[in-house]
Amino acid sequence: FFFFFFFFKQKTAYEISACLVGSEMCIRDRSYNKMLKLLSIAFVFAVALGKYGFDASSGPYNPASMACMRHRGFTFAIFRAFRQVNRVDPNVVANIKAAHDGGISDVSIYIYPCGKCNDPREQIIKTVEALKHSNYNTIWLDIERKGWNLKAKERNRRFLLEMFDEAVKHGKPVGIYSGMYSWKAIVGLDWIVGSKFPLWWPHWDRRASFRNFRPYGGWNAPHIKQFDHDHKNCRVKYDLNYMH
């Protein structure tokens, strides 16, 4: 269903803009209005079946942009809080506040670890300290191949264990963002310790569904699916996510 929702949102935005500047296409194809009605019905069913959110690593964004995103149907947001260059993202505090002020109450963060650094606990501590006055939910750990020593799986496992332990200490839910190939390259598919945390699964097939998920790393199902990337609306650059 979300395929229709995505097409509807993007297509109608284009068509409405064309109408405003007098495009003949908007007035010559009356059957298009009927199609829009059907797509609107599909959207209603899609909303009933799951939640749609976005993740963003830029900014800072303002409440107007976040309100615009909310009106487009997004109900949760995940912002980058820590960068792979081993420092806190300077925009995260403003982005979290803007999301709440814009009407998006389900806000989480993600940490993109410096996997080659020697301070896994300190990366968590820096992030939590920077956000001590911010209102957010889950701490997601973004585990991708870039920035890790792929020939040192045992060292990577120890590194992540320390990150898990430190993140849990701070009383926030913890989750893991990682695809099957990244997880395999960094720690190995036989390492299932991470599966005690929910999985945010990156799989850019443009389908808001978990049906084509194949178990790996001890996970039998994801909690969130990032199903498309590199979008821009409401002056926000973001990826698309689905939660069921």
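I looked up the aromatic cluster in this predicted model. F164, W183, W191, F197, W201, F213, Y216 and W219 form one such cluster.

I then turned to aromatic pairs, of which the structure holds 17. I took F54 and F79: their ring centres are 6.0 Å apart and the planes stand at 75°, so I logged the pair as edge-to-face, the cut-off being over 60 degrees. F54 belongs to strand β1 (residues 51-56) and F79 to strand β2 (residues 76-83), so the contact ties together parts 25 residues apart in sequence. F54 is buried, at a relative accessible area of 0%. F79 is buried as well, also at 0%.

Next I checked W148 and F159. Here the ring centres lie 5.2 Å apart with the planes at 80°, so this pair is edge-to-face. I placed W148 in the loop between β5 (139-142) and α7 (153-169), and F159 in helix α7 itself, so the pair ties together parts 11 residues apart in sequence. Both W148 and F159 are buried.

I also looked up a charge over a ring. The charged end of K172 sits over the ring of Y136, at 4.3 Å from the ring centre.

Last entry: R211. I found R211 in the loop between β7 (199-202) and β8 (224-233). Is R211 buried or exposed? R211 has a relative accessible area of 81%; the cut-off for exposed is over 50%, so R211 counts as exposed. I noted one C-alpha to C-alpha distance for R211: A221 is 9.3 Å away in space and 10 residues away in sequence.

Terms used. Residues numbered from 1 in each chain as written. Predicted model: local features only at pLDDT ≥ 70, side-chain atom pairs only at ≥ 80, totals over all residues. Heavy atoms only, no water. Helix = DSSP H or I, 4+ residues; strand = E, 2+ residues; numbered from the N terminus. Buried < 20%, exposed > 50% of the residue type's maximum accessible area, 1.4 Å probe, protein only. Phe/Tyr/Trp six-rings, centres within 6.5 Å; stacked < 30°, edge-to-face > 60°. Lys NZ or Arg CZ within 6 Å of the ring centre and 35° of its normal.
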